[in-house]
Amino acid sequence: MSVLTRDEAQARAQFLDVQQYTIDLDLTAGEETFDSRTVIQFTALAAGDTFVELKPATLRSISLDGHPLNPSDLTENRFPLTSLTAGPHELRVDAAMRYSRTGEGMHRFTDPTDNETYVYTQLFMEDVQRVFAAFDQPDLKSVFALTVTAPEDWTVLGNGIAQHTGDGHWTIAPTPPVSTYLVAVAAGPWHSMTTEHAGLPFGIHCRRSLAPHLDADADEILGITRACFDRFQEKFDEPYPFDSYDQAFVPEFNAGAMENPGLVTFRDEFIYRSAVTDTERQTRGMVIAHEMAHMWFGDLVTLAWWDDIWLNESFAEYMGYQTLAEATRFTDTWVDFGVSRKGWGYDADQRPSTHPVAPDPAAVPDTASAMLNFDGISYAKGASALRQLVAWLGEKDFLAGINTHFARHKFGNATLADFIDNLASATDRDVHAWADQWLRTTGVDTLTPHLTEADTTWSLTVDHHGTRPHRITVGAYDHAIDTQGGPDRLVLRERFEIGIPQERTTQDGPREGDGTTTRPGRRPALVVLNDNDLTYAKVRLDPDSWHTAQDSLSGIPDALTRAVIWNAARDMVRDGELAPTTYLEAARNHLPHETDLALLRGVLTFADTQIAARYITPQDRPAALATLTALTRDLIRRTEDSTNPGLRLTAVRHFIDAATQPDTIHGWLTDGTVPGGPELDPELRWRILTRLAVLGATDETAIAAELEADPSATGQEGAARCRAALPTPEAKAAAWHAMFTDDTLSNYLFIATAQGFWQPEQTDLVSAYVPRYYPDATALAVRRGPAIAEAAGRHAFPVCAIDADSVHLGEQALTDQALIPALRRKLTDQIDDLRRALAVRNAH
């Protein structure tokens with residue numbers, strides 16, 4: 001397949017003006033293909049040649065201005081349009097297109113619960129070509145008018161208001177000018193709930209088998225939607241730019257969600273069929289807010305080329321967390337961001353594959369390379385940079401610049417230069433210099449405090465390893481005077497702001513440079529840099545503060561401060577400066593007293609998936625799991641009164657994952673409940689069965705019985721995960737064949753199988769598959785494309801093979817020229833993580 005290059009896109013954008021697509025889709029043609037008929041009205045601004053993209057199963061006919069063209073001229077995904085005259089033209093294309101099972105293009109899913117079928121589009125980057133013919137690039141915006149024929153009992157959703165005209169025919173209101181990748185259709189026997197807000201129709205939709213679960217959460221979902229919508233209307237001068245707002249929760253979705261104008265699609269795991277914590281509900285709320293922010297930043301104003309993807313994602317990420325905190329009951333969103341998202345950015349920024357938030361255009365020469373930048377840098381680091389920008393500019397000037405940006409470029413395209421110019425128009429600060437320092441550089445700065453004390457003052461000097469300026473808050477804490485005799489609590493003495501490089505006053509006024517901040521009083525027991533987590537930098541603690549934190553971390557009053565310290569400890573482990581066992585000891589001592597669910601989940605997840613599984617040796621893993629078992633058992637005991645069900649659920653989940661003996665969790669499964677609650681819902685039952693499979697304490701008969709009780713899509717995934725986790729040569733061979741030979745697994749079933757395959761307890765059993773992985777994954781990626789390639793690199797990688805031979809094997813694999821970009825990027829990251837894990841082990 002030919003990928004579109006930046007140069008080709010720029011040339012075509014100067015050559016064409018596209019007025020309208022009229023698209024007719026027939027979804028009644030069978031289970032393998034659907035019919036797609038497209039009329040494109042466009043103007044050639046000069047005489048010349050160009051091409052249109054499509055990936056059909058069969059190209060039945062194509063004509064230009066009423067003259068038939070030869071369908072055999074289609075080469076890969078391009079059809080040449082030659083000798084165009086300057087002026088208006090009409091292109092007609094009639095094709096049969098393939099349904100997808102990988103979440104790309106028009107994905108088709110049959111629900112095993114009730115045998116109902118659903119289809120939906122995901123057209124991001126270059127997958128519109130799988131659904132209809134298009135001049136497929138973001139800066140050739142156009143009006144899209146769609147009609148859809150579907151089975152009579154289906155409902156069709158689109159970017160605009162959809163009307164059923166009879167006999168399964170649906171007409172979707174034409175869009176304003178939008179980019180090709182934002183067109184959306186979702187069709188099936190949806191369970192829908194509709195309402196009206198601010199004079200617009202709102203709807204939420206899911207497959208019928210999830211109807212009771214959507215109904216249970218509808219008030220919350222719609223309440224968050226309304227609240228965020230109203231808050232965005234207050235923030236932005238430009239009104240909501242589309243005619244309706246539908247949110248469809250769709251099966252086997254590859255991303256968290258997609259910002260299609262007027263029809264946001266979400267992965268339907270956000271319709272909870274089992275118990276969840278408030279933090280998980282907050283995450284769903286953040287995604288709702290994130291996608292809504294895209295209606296302005298991404299849909300109303302769209303990037304001109306994919307090097308500016310951060311303009312979409314960083315902005316929506318920042319606005320998602322900030323607006324949810326402002327508009328809903330979820331007021332502590334930045335704690336979750338700090339402990340769960342920020343590390344994603346830090347990790348990505350320390351790998352060989354790192355890139356600037358705003359990469360050089362030359363680094364994104366085509367769509368294949370652009371796809372690689374949907375990572376922790378474009379999301380978490382970019383959002384952190386914007387949060388620091390707001391702290392530096394002030395929110396008033398930031399929003400003024402944003403509103404200027406919307407006004408100047410609405411229904412058009414914009415670049416980084418446009419964005420920075422518009423921000424600069426609202427402030428006297430040098431935003432261009434800030435952009436160069438923050439958006440054009442790579443890597444993570446590190447801030448290390450040095451403290452000294454005099455008779456009546458103490459002084460702070462910050463060692464700044466890096467290049468970016470920072471505006472941070474410093475927190476100074478003292479031991480509380482506890483009348484019961486325990487100095488385990490800390491109280492805030494003061495918070496103060498400093499600039500780094502620190503501001504020093506001279507006769508000519510403030511200037512940037514090295515300096516020391518002096519404060520009155522004795523030195524605090526604990527000093528925390530970046531106390532409000534407003535900048536993007538790794539922080540360290542001075543030795544006395546670290547000693548205080550080890551003793552009193554759970555006694556710090558502010559959850560965000562605790563998150564900053566836990567992140568510092570996490571980074572120290574990853575950098576080989578703190579023994580993984582010391583982190584586990586801190587978790588053992590302090591998590592039994594933790595009240596913030598996001599913090600609890602984030603620390604336990606790092607302790608389980610990184611420390612116990614990767615950063616300590618296999619010989620030390622049983623002791624690490626024993627620590628986690630004791631810790632989670634304490635949490636379960638602490639919550640016996642059921643006053644904190646989310647904390648208890650988190651503890652139960654991690655107790656299951658850390659189990660080294662099957663008896664307790666097998667008893668829970670048999671009884672259908674944890675003593676004192678909760679009763680086991682499907683998620684907990686499959687979680688226990690997966691762990692029992694790893695431990696060799698269950699078999700195919702038990703898995704089949706569980707699947708019979710829960711034949712849902714998630715049940716199918718649970719069974720695939722369990723079967724792949726069984727510690728027998730036969731089970732591993734069957735799972736490997738399903739992943740790398742059979743080619744019939746959907747994207748979700750592939751991921752579930754991969755998640756079960758590699759287990760730290762089974763390294764000897766699967767060691768022979770480590771050298772097989774690289775050639776098999778390379779061939780699979782070529783056959784099945786980027787979505788499965790990404791899944792193979794992320795989930796099927798031998799993460800437990802941590803030794804020098806495995807690192808060398810991976811490095812050799814990267815020399816294979818057959819690697820497609822999506823897989824090469826994942827392997828580059830995974831192999832670097834192997835190196836880091838090995839270095840951590842060797843450091844201690």
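A charge is taken to sit over a ring if NZ of Lys or CZ of Arg is within 6 Å of the ring centre and within 35 degrees of the ring normal. By that criterion, the charged end of Arg519 sits over the ring of Phe496, 4.0 Å from its centre. Arg12 likewise lies over the face of Phe51, at 4.6 Å from the ring centre.

This is a predicted model, in which local features need pLDDT of at least 70 and side-chain atom pairs count only at pLDDT 80 or more, while totals for chains, interfaces and linings use all residues. Residues are numbered from 1 along each chain as its sequence is written, and side-chain values use heavy atoms, with hydrogens and water left out.

**Aromatic pairs**

Rings of Phe, Tyr and Trp (its six-membered ring) pair if their centres lie within 6.5 Å; planes under 30 degrees apart count as stacked, over 60 as edge-to-face and the rest as tilted. The structure holds 53 aromatic pairs. One of them joins Trp434 and Trp438, which is stacked because the ring centres are 6.1 Å apart and the planes stand at 20°. Both residues belong to helix α10 (residues 431-439), where they are 4 residues apart, about one turn of the helix. Helices (H or I, at least four residues) and strands (E, at least two) are DSSP runs, numbered from the N terminus. Buried means under 20% relative accessible area, exposed over 50%, and partly exposed in between (1.4 Å probe, protein chains only). Trp434 is buried at 4%, and Trp438 is buried at 1%.

**Strands and sheets**

Two strands pair if DSSP finds at least two bridges between them. An open sheet of 4 strands has the order β8-β9-β14-β11, with antiparallel pairing. Its edges are β8 (105-110) and β11 (155-158); each has a single partner strand, so one side of each is left without a neighbour in the sheet. The twist averages 10° from one strand to the next, with axes being lines fitted to C-alpha atoms, for helices over the stretch in contact, and angles running from 0 to 180 degrees between N-to-C directions.

Another open sheet has 5 strands in the order β15-β16-β17-β19-β18, and its pairing is mixed. Here β15 (191-197) and β18 (257-258) stand at the edges, each with a single partner strand, so one side of each has no neighbour in the sheet.

Strand β10 (residues 143-149) is mostly covered, with 6 of its 7 residues buried. Val148 of β10 is the bridge partner of Leu25 and stands opposite Trp170 in β13.

| Strands | Sense | Bridges | Partner pair |
|---|---|---|---|
| β11 and β14 (185-188) | antiparallel | 4 bridges | Gly158, Val185 |
| β18 and β19 (263-267) | antiparallel | 2 bridges | Ala257, Phe266 |
| β1 (16-26) and β10 | parallel | 7 bridges | Leu25, Val148 |

**Cavities**

At least two lining residues come from each of α5 (333-349), β30 (538-539) and α12 (559-574). Helix α12 gives the most, with 4 residues.
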